[in-house]
Amino acid sequence: MTTTHQTGPILSVRDLTVSFGRGAGRNIAVQDLSYDLLPGETLAIVGESGSGKSVSSMALLGLLPPRSANVESGTAMFQDKDLLSLPDAQLRGLRGDRITMIFQEPMTSLTPVLRIGRQLTEALIEHKGMGQADANARAREMLALVGLDEVDRRMRQFPHELSGGMRQRVMIAMAMAADPAILIADEPTTALDVTVQAQILDLMRDLQSRFGTSIILITHDMGVVAEMADRVVVMNRGRKVEEGPVADIFSNPQDHYTRKLLDAVPRLGAYATAAAPRSVVDKPTPVGKSLVHTEGMNKTFHEGGWFWKKGGGTAAMQDVGFDLNAAETLAIVGESGSGKSTTGRAVLRLLELDSGTVIVDGMDVRGYGKAGLRQARRQMQMIFQDPFASLNPRISAGRLVAEPMVIHGLASGGELQDRVEELFRRVGLEADHIRRFPHEFSGGQRQRLSIARALSVNPKLIVADEPTSALDVSVQAQVLELMLELQQSLGLAYLFISHDMAVVEEMAHRVAVMRRGRIVEIGPRKAVLNDPQHAYTRALLAAVPVPDPDRTRGTLPVIDAGTLPMGALAEVAPDHLVAQ
Amino acid sequence: MVHGTTAELADDLATNGSARSRGFWRALLASPSGMIGLAIVGLLVFSALAAPLLAPFDPLRMAAGPRLDPPSAAHWMGTDDFGRDVLSRIIYGARLTLQIGVIAVGISLTCGLLLGLVAGYSSGWTERILMRLVDVLFSFTEIVIALACLAIFGVGLTNAMIAIGIASIPFYARVTHSVVLVEKGKPYFEAAIAAGAGHGRLIFLHLLPNVIPTLIVIGTLGVSTAVLAAAGLSFLGLGAQPPQPEWGFMLSSSRDLISRAPWMMIFPGLAIAITVLGFNLLGDGVREALDPRQRQR
Amino acid sequence: MARFILQRLMAALVTIWIATIAVTILIHLVPGDPVRIMYGSFQTTPEELEAIRVRLGLDQPIWRQYLMYLGRLLHGDFGNSIVGDQPVIDILMTRFPSTLALTLSSLFIAVVVGMSLGFLAAYKRGTWVDVSAMVLAIVGVSMPHFWLGLLLLFLFALQLQWLPVAGGDWRSLILPALTLGLANAAVLARLTRSAMIDIFDQDFVRTAHAKGLPKSIVLYRHALRSGLVPVVSMLGLQFAYLMGGAIVVENVFAWNGVGRLAIEAVFARDYPLIQGFILFFAIIVALASVVIDVAYAFLDPRIRYS
Amino acid sequence: MEIRLLRDVWRPPVLGAALAGTMALGGACATAQELVWARYGDIDSLDPHRATSTLSMQVWDQIYDTLLAFDMDGNPQPNLASGNEASEDGLVYTFTLNEGIMCHDGTPFDANDVKFTIDRAFGDTPSLTKTSWGPISDVTVVDDLTVQVTLESKFGAFLPFLADSFSSMVCDTNTADTFGSSTAIGSGPFKLVEWVKGDEIVLDANPDFKNFGKPVENAGPPMFDRLIVRTVPEPQTRLAALRTGEVQIAEPPFDDIEAIKSEGELDIVVADNTGQNVFWEFTISRPPFDDIRARQAVAYATDAQMAIDIIYGGLSQREWCPIARGVFGNDQEFCKQFGYEYNPEKAMELLAEMGFGPDNPLETTMFVWTGGNRHKLAEIFQAQLAQVGIKAAIEIMDIGTMNARVKEQNESPDDPSPGTFDMMTWSWYDPDILYQLWHSPGAYSGFQTPELDAMLEETRTTIEPEARLEKVQAVIQYLMENAAHVGLYTPGWEWVFAVRPEVEGFKIGPFLHPIFLDVTLEEG
C-alpha cells in the first residue's frame, strides 16, 4: 500500500543516541539512529534481541525508565515539534492521541482491575475532551471495528475475561480510537499463535488503510516484515545497518548482517520439493525400523482445588497415537494449548497418562517400575524450550553434561572427563568452557549444552520441545544445523515439537498436526505441508507469514471452530491420515 | 519482621538462581545495609566472645556500685537497683542473645526445611495435609504458639528458646515449600528427571542448593525475629529468670523504676533494637547480594 | 465469588477445627497428670481430684474427651477458669472489647502510616525519600514493641505529661495503639513498597503512560488499585500479628484486654483459660482473615468474577 | 485449705499512668459520698467458698458478716452471734444470733442462713477452705435465732475461724447460679451493685446494717453512700489517681512511700498484725535437703534483714517465728533462740561437712511466687547463697502453681534432679496453720514426723490458752530446730494504704480486714 510519498516525512528521527546506566556501567543501546516516517506508510524496524529496536521508539514517547535510561542526543521532529526536547506535559498531550502504541504482551498490557470500557475511554476523555457518553460510543464503534462481538458486554468486562487475541484487538482499538497520526507497534503479534497473528496483521493493515495512519512496526520476524512493511530499517547492536524499500531489502540486501539475517530465516516452502531433510553429512544414517509406537494416549489435567482436586478439568490429549522410526524426525505442530508438549512428555513418561500405550524400543514405557524407568531414560532424552531455565544454575556446565552419565554409571573419573570434553567439542563448544556456569553462556551455547547433555548417554530418541523458539533466527539456524548433523551421523530419532511451520519443514520427515489435544492430520512432510487435507492444517499453513514481499499471502480461509472434523483418523493416502 | 512476605521472599530469591559464592561477599559488602548489618552482628559476636575482657564488672555482682546510680565514668550505663553494673550486664547479655538466636533459628530452620522439602517434593495428599496444617499454625502467630509451648513446659529462658524455635517452624516450612514449588516448576528439574535422576539426586543436588540461599536469608532475618520474641517473653516474665542478664528481662525489671532510673530502661532496649536491626540489615544485605534484581529496588 | 467466600469460610472452619484439636492435646502434653496440674492445688484431696477427673471426662480416652469438648464448645461452653471458677467465655468476652479497640485502632494507624509510606517510597524509588522511608521502616521493624511502648510512656506520659495511660477512656488508648500501630506500620510499609514496585514495572502501567494519561491518574487509577490487591491480601496476617502484638503491648500499658488475660493465665497455669484463649484467638483471626479475603476479592476482579 | 494466699497476678507497672491523674483533673474526687478504693488486682469470686485470695476476702468483708469478729488484738468477739457456749467435751457449740439482722434482699438473717452456709461449705462442691472449718459433723437449727454446731473432735481454732472472712455468712437466698459471679446476698455493711470483672466492684451502703462486733465506734450503717473497689494494677497509676483525687484509698508504690510521707499530703496507714509470714521450706524427701545440714546452711546463709532493708526499706519486719506477729503463740524472743542468725562461715562449714565446696557448689532451685517484689528479694537471697557456695536457680511462678509444684516436689522422692526449696507465704489468724501445714499428710506432704503429728494434735485439742501456748511453742521449737520452717519476714508494705485527707476514720482490723464503718468523707 504505497501511498502519498510526495509529502514530507511526518516524523523524522536524526542521530538518536540512547544509553543505559552511567559512568563505567554505561552502555549504548541506540547509536546515531536516523530515519524518516512518511505519511500512511509502514516502516518496519527489524533486528534481533538487543538490537535497540524497541528502545529507540520508546525513547520517542519518553517511555523509557527515567532514572536508568538517558537520551544523549538526537532530534525527532513531529509536526515541527522535537519530541525529544518537548516538555513532559506537551509530550503527554501527543502520547495516546497523535502517537499511540501497542505492545507485545497483550496478556499483561491491560490493567487487570479496570473494565475494558474504562480503559478504552479514558484516553479519549483526557485528550479529546469527550464526555463519557461520547467516549463510550466511540469505544463501542472501535471494538466493533476491531472485530469483537457483543460490544456492550465487552465494555463491561475485565481483561482476564478475554483471550490473548481479543486483548490485542482491544489494545489496537485503544490505540486507533484517537485516530492517531502514528501508531508504534512493538512486536504486536510475537506472543500470539500464528493464526491469530495473521488475523491481527490483517486487522492492522485494514485499519491503516481506513485511517491512513503511519505505522512503525518493530519486529524480529522477517515474515511479518515482508507482509506489512513499505520500508525497512535493519538494526544491529544499536546501529542502523541498512534502510530501504522492503522489496530491495529482500531482493538484494547490501549489508552482510542483513544478508545473514535473511539467509537464517527459515522459509516455508524452501524445501517443499525435497522428500527428506537435506543431508549435512556424507553418509546420513538411513531411517530405520520403528522405534516409538504410541496409541490411544489420553490425559486430562485437573485444577487443584483448595483442598481436594476440583472435578472436570481440561483434556490435554485425546486418543493420540503415532509411530516414529529410528533416525527419523516426527514433527508435532500446533498452536498453544494443542497438547503437543504434553504428548512429548507423555512419551518420556514425565507425566502419567490416564490411558494409552507407549512403546519405545520394544519396551512398554508405562510398564516400567521406578528403577526400570530410570534405566529406560538412557534411551530417550529431552531438549527443552528455554535453554537457560532448563540448566540448573548452580551446577557447572561440565557437571551438567556429565550428570546423565553419572546417573547411569556410564563413566567416571578421567574417562568421564574425556567424554565430557569430547561432547563439548561435538556440539561446538570449547572444552575449556567446562568449568563455567550456565549463566556465563549465550542462549545458543546454552542450547548446545542441553544437547550435549542429552547426547551424553547416546540415546536413541530425543524429544525436542520447541528447541529454538527462544533463540534469535541466526542462532536458531545454527542449532537446527547441529541437530540435523547429529541425527544423520548418530541415527537419532527426533520427536520435534514446534509451532513454526518453516522450521518443521526444514527438520521433519513426517508431520503431525495437533489441535485441542487431538491429532487432526499426520503423514509424510511433503504430503501434509504441500497437500494438506484438514481444514485446520490449511488455515495454519495459510497463516504463516512468508518472508517474501512479492508473494503476498491470500486472504485467510475462515475456519469455523465448531464444524472442524475432530474425529478418528482415516487414511487418505499411503500413511497420510486425516481426522474425519 | 519477615512475616507475611513468604511468597514475596520465595520468588524474589528462587527466581534468581544465579547466586554464586564468588562475588557474593563483594556484593554483600557493596550494599550499605549488608555492611552495617555485618558490622553490628560482628560487634555482637565479639562482645559475646570477649565479654570477660570487655565487661568492667561481674554482671552478677551486687553493690558493684551504689544502687540506681546514674551513668558515670565508673558505670557508663549506670547501675540497677541491686547496684549491678548495667554495661557489664548488657555485654554478658550478648551471649544469651546470640544463644537464643542460634538455638531458636536452628530448631525452626531444620524442622521447617524438612517439612517444606517433604511437602514440596512429595506433592499430593502428604503435601496438602502438611501445608494445610502449617498454614493454620502459621495463622496462630508465633507468640501464641510460643505461649502454648511455655504453658506446656513451663517458663524459663531455655524453654523460651525452644518455644520460639517451634513457634516459627511453620514460617520456615512455608518459605521452603514455596521455594521448592518454584524450583520444581522450573524446566531444569524436569530435565533432571528426564535425565533419570533419582529422589536423592533430585532433592539434594537439584532442589536443596536452590533452596539454601532463601533459607540463609530468612534464617538471618529469623534471628532478629527470634531475639525480639525471646526478649518479649523475658519481658513478660516468661523467659529469662534472675539473675540472668537477659536484655528483655532487664527491661522488665526496669519498669518500676523508669522515672527514677531511666537508664535501666534505655540501654537494654537499645541493645535489643540495635541487635535486631543488625540482623535485619544483614538479612536484607544477603538478600540483595543473592538476588541482583533486588539491588535496583 | 460466592464459591470463593464459601472456600474462605471453609478454610476458617478448618483452622478453628484444628485449633480445637490443638488445645485438647495441649493439656495432655503438659508433663504429669492434667487434673493434678490444674486442680492439684493442695487443698484438693485425691477423691476430689477423681471427682473432677470424672466431671471433666479426663478419665475418658482422648478421642472421647475431644468429642465431649467439641460438644461443650458447640453450646458455647469453653469450660470454667480455675481461678475463681467462672465461665471462660464470660471472662474472654468481658475483656475482648478492649483488645478489639486496641487492635483496630492500631490496624488503622498501621494501614494509614505504613501504606502511604510504602507507596511514597516505591513512587520516589531510588531517591532520598525512598531511602529515608525505608531506613525508618527497618528501624521500626527492629524496634521491640515493649521498648517503644516504654519510651513513649517515658516521653509523653512522664516527661511531657501529655497523654494518660490508665483510666479506660479513649485518651488512654492513644499510646498503646500508637505503639502497636507504628511497629506494624513499618512492616506494612516494606510490603507495600515492594508490591508497588512490582506494579510500577508492569506492562499495563507503561500502557497507561503511553496513553498520555496524567501521572496522577496512572498512579491512582491504574497502579495503586492493582497494587492494593497484594497488600490487602497481607492484611489478614497483619491483623493476626496485631492480635499477637497486643499480648505484649497490653501488658506494657496494663490494657485490660485478653492479651493480659493470657499472660495472667499462663502464670496461674489456668489451663482452661489458656485453652479458651488460644481457641478464641484462632476464631478471631480466622474470621478476620475471611473478612479481609472478601475485601480483597472485591478489589480483584479476577476473583470477583469467577 | 490454701488460706488467703496473696493471689496477686503478675503485673507490669506503668508509670506513664502517672499522668492519667495529672491530666484527668475533671475526674477529681467525684461525688463526695463516693469512696473509690484502688487495688492492684481483682477478686477471684464473690463466693466465699470459691476463692482464697486476700483481695477477694477483703471484699467479702464488706458484703458479708461473720458470726464472730476479731477485736484489734485479734481475739474473736461476738458479732452476728450475740453469744456462744461450748459443751464440756468441747464438741457442741451453740450460737445465739442477734435480732433484726437483715439480708440485703430484705429477708431476715436467721439460723437457717447459718446452716445454709455451713452445709454449703461441706456440700458437693465444698468450700476451698473446707478443712479449716474444722471437723464439723452436724448443724442443727434449734430456733430462728439459735443454731447448734457439732464437732467430731475438739478444735481449738474453731472460734477464731468463725471470726474470719472465710466463714462469711451467706444468706440462704443465694440460690441463683449467678451467685459468686454477678450476684451475692449477704448481711454485711455494703450491698453488691455490680462487678465488672477486671475493672471494678460497685457496692452501696446497706442502710439496715447493724454492727455488733467489729472493732469500730459506728454501730450503724456506713456513713457514705457508695464504695467502689477498682482494679488499678500499676502502682504509679494508683498514686497518680490518688493525687488527683480520682481515688481515695490505694496502696502506693513502695519506692515512693518515703516521698509521700515527707510530702504529708496523703496519710499512710500501715496494716500491722497482718498475720502474714514469709518463710523458707524445703523438699526434704530427697537430697540435698533431706540432710538437715543443707537446710541449716541455707538458713545461715540468708541475711533476711539486709535483704528486706534493700527491697522494702524498713516496711517489712524480720520475722523469727513460723507464725506471724499478732498470732497467738508468736514470740520473737522465744523463736530467736532457735533461729538462724546470718552466719556465712557456719553455712560453709556445714556445706563442707556435706562435701560441697567452691569447686562443687550445692545446686538447687528456689521457687518464688510472683508479685510483691519477691523476685527481687529472691535475687538478693540468690546472691547471698552464691557467696557460701549454694547455686540456686530462681523459678518465678504464680502462687497457685507454686503450691502445686511444692507438693509435687515433696511427693517425688525419686526425682533425679536436686530437691528444691521455696519462699512460701502464709496468712492466718491462729497457730492452727502449723497443724494444717505440717500434720501428716500435710498441706504439701512436706516435713512430717510421728512426734510432730502428736504435738500438733495437742495444739488443736488443748483449748485453755496457757496450756495451748506451751503446746504451740513446742511445735515452733521443733520445726525450727529441724530447720523445716524458717521464718524470714512479715510483709507490711503490701498492706500499706495511702489515704486522701478528706477520708476520716479508715481502719484496718487485724489480719488485713479493712473496715469502712467509721469512714466519713468531708466535702472536698
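Let me begin with a working definition: two residues are in contact if their C-beta atoms, placed from the backbone, lie within 7 Å. What I am showing is a predicted model, in which local features need pLDDT of at least 70 and side-chain atom pairs count only at pLDDT 80 or more, while totals for chains, interfaces and linings use all residues. Residues are numbered from 1 along each chain as its sequence is written, and chains are lettered from A and ligands numbered from 1 in the order in which they are written.

With that definition in hand, I turn to chains B and C, where 40 residues of chain B are in contact with 42 residues of chain C. On the chain B side, helix H6 (125–140), helix H7 (142–153), helix H11 (199–235) and helix H13 (263–290) each supply at least two residues, where helices (H or I, at least four residues) and strands (E, at least two) are DSSP runs numbered from the N terminus. By class, that side of chain B has 25 nonpolar, ten polar and five charged residues; here Ala, Val, Leu, Ile, Met, Phe, Trp, Tyr, Cys and Pro count as nonpolar, Asp, Glu, Lys and Arg as charged, and the others, Gly among them, as polar.

Chain B also meets chain D, in a contact that takes twelve residues from chain B and 17 residues from chain D. The chain B side of this second contact divides into five nonpolar, three polar and four charged residues.

As for chain B itself, it has 14 helices and zero strands, and its C-alpha trace spans about 75 × 45 × 30 Å along the principal axes. Of its 297 residues, 64% count as buried, meaning that 20 or more other C-beta atoms lie within 10 Å of the residue's own, again with C-beta atoms placed from the backbone.

Let me now go inside chain C. Helix H5 (residues 88–123) and helix H6 (residues 128–142) of chain C pack at an angle of about 145°, with their axes 8 Å apart; the axes are lines fitted to C-alpha atoms over the stretch in contact, and angles run from 0 to 180 degrees between N-to-C directions. In this packing Leu117(C), Leu120(C) and Ala121(C) of H5(C) meet Val129(C), Asp130(C), Ala133(C), Met134(C) and Ala137(C) of H6(C), a set that divides into seven nonpolar, no polar and one charged.

Which residues have the most contacts inside the largest nonpolar core? They are Ala146(B), Ala230(B) and Phe277(C), in a core of 529 residues, the term meaning a set of buried Ala, Val, Leu, Ile, Met, Phe, Trp, Tyr and Cys residues joined through C-beta atoms within 7 Å. Helix H10 (residues 215–252) of chain C gives the most to this core, with 19 residues. Phe277(C), leaving aside residues up to four places away in sequence, touches Leu92(C), Val258(C), Leu261(C), Ala262(C) and Ala265(C).

Finally, the remaining two chains. Chain D comes to 15 helices and 23 strands, and buried residues make up 59% of its 524 residues. Its radius of gyration is 23 Å, which agrees with the value near 24 Å that a compact globule of 524 residues would have; the radius is taken over C-alpha atoms, and the globule rule is 2.2 Å times the number of residues to the power 0.38. Chain A has 19 helices and 22 strands, with 51% of its 580 residues buried.

How values were computed: A residue is buried if 20 or more other C-beta atoms lie within 10 Å of its own, exposed if 12 or fewer, and partly exposed in between; C-beta atoms are placed from the backbone.
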